[in-house]
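The stops below are given in the order in which to select them.

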Amino acid sequence: MTTPTPRILFVDDDRNILQGLKRMLYSQRDQWEMHFATGSADALAAMDRARYDMVVSDMRMPDLDGADLLSLIEKQSPSTIRIILSGYAKDNSILRTVAPAHQYMAKPCDPRSLIAILDRALALRRSLQNEGLRHLVTSLRNLPTPPAIFSELMRAIDSPTASAATVAEVIGRDVAMTAALMKMTNSAFFSTHSAVASPLQAVRLLGLETVRALLLSAGLFRQFSGSSATASLLDTINRFSLHLGMMAHSIAQDLSLDSQACTMAFSAGMLSHIGTLLLVDQMPHRVLQVQAHIKGGQTLEQAEQNNLGASYTELGAYLLGLWGFDKPILEAVMYQNHPDRCPAPAINVLTCLHIAVGLAPEFPLFAPARADLLPEPYLNEAYLDSLALTPHLAEWRLRSQQTFMEGVV
């Protein structure tokens with residue numbers, strides 16, 4: 001089956017900029033079907049005439065700026081990938097792009113970087129075959145935070161003794177907040193020299209006032225307002241993910257990975273079930289169907305593929321990829337259960353997360369009702385043997401069990 005050629009719409013009110021993009025991207029003419037719109041009105045007319053897989057828009061345009069344009073496109077075509085490419089760097093401007101844009105890229109952008117970023121987003125789109133799930137993920141503006149954690153963050157920010165450390169500690173215990181804050185700080189707007197890999201790094205970079213603005217006005221964080229049963233599930237996901245993050249970080253330290261990799265290992269653990277969080281928030285009825293099939297003897301992956309057409313790892317990786325997350329975290333989330341499927345095996349962030357996942361108890365949201373149906377913790381023994389890590393498993397298993405027994409989760 002032939003894969004359709006991706007259709008990309010580039011939008012800028014400056015014709016010279018569009019001509020420059022045409023020249024810059026000439027090498028992609030056989031891989032992408034590219035169209036160029038002069039301003040927002042022209043872009044909306046183009047969207048009326050045809051469907052586009054991606055829209056890349058300037059921010060500062062007359063009448064309708066990039067944030068407003070992408071908001072309209074989001075309503076008209078929720079599954080379209082939306083990216084801001086702009087040299088306009090005013091704080092209140094970038095904050096307005098948080099919800100409608102998946103990524104923010106800064107001008108000038110060298111051709112190789114631009115092509116690589118757009119190509120990766122399109123490749124992720126192709127990797128998720130189910131059109132309904134692609135629509136679900138691409139149309140997502142934010143993820144829910146349990147009310148208790150949301151209130152705690154508000155108190156931490158408003159405290160007279162507020163600091164980056166105290167605010168980041170609260171954010172670091174919540175999957176949705178961790179993902180949203182890192183999405184924001186890893187955008188090209190902030191021109192960081194290395195990937196931001198933790199909430200603490202993010203809060204220090206942004207400053208408390210910007211975090212407050214993101215919390216109160218930009219739509220980055222959303223307090224969950226649904227049923228108490230679903231709120232309890234969100235809390236379960238957070239606590240379990242925190243355990244995985246702590247274990248992955250601890251294992252990374254044991255393996256003498258550098259400090260950045262250790263930090264990424266924690267974040268990968270925290271974000272390992274972001275796909276599950278998305279499902280609980282957006283498709284709770286389908287989650288119940290998955291639970292029913294697991295209790296009938298299917299594995300989690302079998303039940304998710306049969307009922308959803310994709311696994312929580314694929315959904316999570318697609319979302320993080322759209323949001324521009326760094327490759328080590330993206331690969332760890334995607335291949336956490338099957339590290340052998342990741343190219344170029346080595347001891348890395350993925351290794352640490354796979355071990356943490358394999359040694360943890362069954363994820364409580366999907367655990368079968370009968371103990372005799374619980375599968376043995378899955379570890380890819382051949383993969384671990386190839387990295388000479390098998391002798392360490394007994395120590396790590398004991399540490400994982402102790403963490404759970406001490407009430408971390």
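**Salt bridges**

The structure contains 16 salt bridges, a salt bridge being a side-chain nitrogen of Lys or Arg within 4 Å of a carboxyl oxygen of Asp or Glu. This is a predicted model, in which local features need pLDDT of at least 70 and side-chain atom pairs count only at pLDDT 80 or more, while totals for chains, interfaces and linings use all residues. Residues are numbered from 1 along each chain as its sequence is written, and side-chain values use heavy atoms, with hydrogens and water left out.

Select Glu-33 and Arg-7. Their closest N and O atoms are 2.3 Å apart, and the two form a salt bridge. The pair links distant parts of the chain, with Glu-33 in strand 2 (residues 33–38) and Arg-7 in strand 1 (residues 7–12), 26 residues apart. Helices (H or I, at least four residues) and strands (E, at least two) are DSSP runs, numbered from the N terminus. Glu-33 is partly exposed at a relative accessible area of 30%, whereas Arg-7 is buried at 18%. Buried stands for under 20% relative accessible area, exposed for over 50%, and partly exposed for what lies in between, with a 1.4 Å probe and protein chains only.

Next, select Asp-254 and Arg-399, whose side chains meet in a salt bridge at 2.8 Å, N to O. Asp-254 lies in helix 12 (residues 228–254) and Arg-399 in helix 21 (residues 393–405), so this pair ties together parts that are 145 residues apart in sequence. Asp-254 counts as partly exposed, with 38% relative accessibility.

**Along helix 12**

Stay with helix 12 and display its C-alpha trace. Helix 12 has 27 residues and reaches 39 Å from its first C-alpha to its last. That is close to the 39 Å expected at 1.5 Å a residue, where the expected span is 1.5 Å times one less than the number of residues. Ser-256, which follows helix 12, has a positive phi, near 60°.

**Helix 18**

Move to Lys-327 and Glu-331. They form a salt bridge whose closest N and O atoms are 3.8 Å apart. Both residues lie in helix 18 (residues 327–335), four residues apart, about one turn of the helix. Lys-327 counts as exposed at 51% relative accessibility, while Glu-331 is partly exposed at 21%.

Which residues does Met-334 touch, not counting those up to four places away in sequence? Select Met-334, also in helix 18, and show its contacts, meaning heavy atoms within 4.5 Å. With that exclusion, Met-334 touches Thr-313, Glu-314 and Ala-317. The C-alpha atoms of Met-334 and Gly-316 are separated by 7.2 Å, the two residues being 18 apart along the chain. Met-334 counts as partly exposed, at 26% relative accessibility.

**Cysteines**

Where does the disulfide count stand? With a disulfide taken as a pair of cysteine sulfur atoms within 2.5 Å, the count comes to zero. Select Cys-262 and Cys-352 to see one such case. The cysteine sulfur closest to that of Cys-262 is in Cys-352, 7.2 Å away, which is too far for a bond. Cys-352 is likewise in no disulfide, its nearest cysteine sulfur being that of Cys-262. Cys-262 is buried with a relative accessible area of 6%, and Cys-352 is buried with 0%.
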